[in-house]
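Please look over the sequence and the model shown here, and then read the report that follows.

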Amino acid sequence: MVSALRTRVTSGACGLWHTYRNCRYALLFYSLLLTLAGVPLRRALGFSNSLLELFLAINLLAAVVPIRGRKARLVLLLCLVVAFVGWGGTSWLDQAALVPMYLALWTVVALLAAASALRFALGARVGDREHLYAGLSAYLLAGVFFGVFYWVLERTWAGSFAIPGEGAQSNFSLPAAIYYSFVTLTTLGYGDIVPRSEMARGLAIMEAVAGQLYVAVMIARLVSLYASREGKGNQRDTRDGPDGTAP
């Protein structure tokens with residue numbers, strides 16, 4: 001009886017893991033969308049930045065777990081644990097000066113996870129939903145955690161960014177940094193936040209160029225593969241009869 005129960009639990013866990021493996025990047029994509037939706041709602045509902053940082057940590061975990069290489073996944077998970085514990089410890093000990101260092105480590109882990117998702121998407125030979133979600137997730141990961149890095153840059157070297165009309169006392173918060181990151185990534189260029197230091201300008205140029213090339217090449221390729229697959233499926237259904245056999 002114990003053996004049968006153990007077998008059932010093991011098979012159930014394996015089935016759950018298999019299901020997750022088949023939709024892991026879809027879950028990451030919707031988790032990132034939920035985080036982006038929570039950025040404006042956070043202030044409206046009266047929550048602090050800690051909730052946003054918790055969402056970022058969940059997204060990082062969802063981004064690292066799908067990595068195929070076991071050693072790389074374990075190393076990044078260890079870095080993530082160190083960063084999370086360090087962030088929580090410095091916040092609890094009121095050592096705010098050390099928080100940017102741990103958030104910078106988050107950014108490095110996130111960009112490596114985005115590179116892994118991009119590698120998975122590039123391996124697509126047939127366009128399916130999971131490869132498309134992987135490509136979209138890499139894009140959103142880059143946008144979110146470039147924003148975190150911009151905020152770390154401003155916290156480390158004050159005055160790297162300026163908000164016209166607010167003078168030296170401009171409030172370049174984490175939500176504002178994520179907003180600026182996506183404005184830069186999509187090359188909207190509203191001009192309401194301006195990079196002032198050479199490092200900030202260099203990062204903004206790199207993000208803007210990478211964002212345009214990514215959309216023009218990578219996403220277009222994945223959508224084309226997916227559309228081609230769907231088109232072949234429709235042609236096959238048209239050739240087959242209503243009962244699934246050739247007429």
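Is Glu198 buried or exposed? Glu198 counts as exposed, because its relative accessibility is 63%, where exposed means over 50% relative accessible area, buried under 20% and partly exposed in between, with a 1.4 Å probe and protein chains only.

## Basis of the model

This is a predicted model, in which local features need pLDDT of at least 70 and side-chain atom pairs count only at pLDDT 80 or more, while totals for chains, interfaces and linings use all residues. Residues are numbered from 1 along each chain as its sequence is written, and side-chain values use heavy atoms, with hydrogens and water left out.

## Overall fold

The protein chain has seven helices and two strands, and along the sequence they follow the pattern α-α-α-α-α-β-α-β-α. Helices (H or I, at least four residues) and strands (E, at least two) are DSSP runs, numbered from the N terminus. Of the 247 residues of the protein chain, 41% count as buried.

## The salt bridge

A search of the whole structure finds one salt bridge, a term for a side-chain nitrogen of Lys or Arg within 4 Å of a carboxyl oxygen of Asp or Glu. Arg201 forms this contact with Glu198, and the closest N and O atoms are 3.6 Å apart. Because Arg201 and Glu198 are three residues apart in helix H7, about one helical turn separates them. Arg201 is partly exposed, with a relative accessible area of 39%.

## The nonpolar core

In soluble globular proteins, nonpolar side chains tend to be buried together. A nonpolar core is here a set of buried Ala, Val, Leu, Ile, Met, Phe, Trp, Tyr and Cys residues joined through side-chain atoms within 4.5 Å. The largest nonpolar core has 61 residues, and those with the most contacts inside it are Trp106, Phe145, Tyr150 and Phe161. Several helices each supply at least two residues of this core, among them H1 (2-45), H3 (70-92) and H4 (99-122). Helix H5 gives the most to this core, with 16 residues.

## Aromatic pairs

Rings of Phe, Tyr and Trp (its six-membered ring) pair if their centres lie within 6.5 Å, and planes under 30 degrees apart count as stacked, over 60 as edge-to-face and the rest as tilted. By this rule the count comes to 10 aromatic pairs. Phe29 and Tyr133 form a tilted pair, at 5.5 Å centre to centre and with 45° between the planes. Phe29 lies in helix H1 and Tyr133 in helix H5, so this pair ties together parts that are 104 residues apart in sequence. Phe29 is buried at 13% relative accessibility, and Tyr133 is buried with a relative accessible area of 18%.

Phe161 and Tyr180 form an edge-to-face pair, at 5.3 Å centre to centre and with 70° between the planes. This pair links distant parts of the chain, since Phe161 is in strand E1 (residues 161-162) and Tyr180 in helix H6, 19 residues apart. Phe161 counts as buried at 2% relative accessibility, and Tyr180 counts as buried at 6%. Ring pairs also link Phe146, Tyr150, Phe161, Phe172 and Tyr180 into a cluster.

## A nonpolar surface patch

Leu51, Leu54, Ile58 and Phe84 form a nonpolar patch on the surface, with about 320 Å² of accessible area together. Patches are made of residues with over 30% relative accessible area and no salt bridge, where like charges are joined within 9 Å and nonpolar side chains (Val, Leu, Ile, Met, Phe, Trp, Tyr) within 5 Å; accessible areas come from the Shrake-Rupley method with a 1.4 Å probe, and for residues only the protein chains shown count as cover. Helix H2 (residues 49-64) provides the largest share of the patch, three residues.
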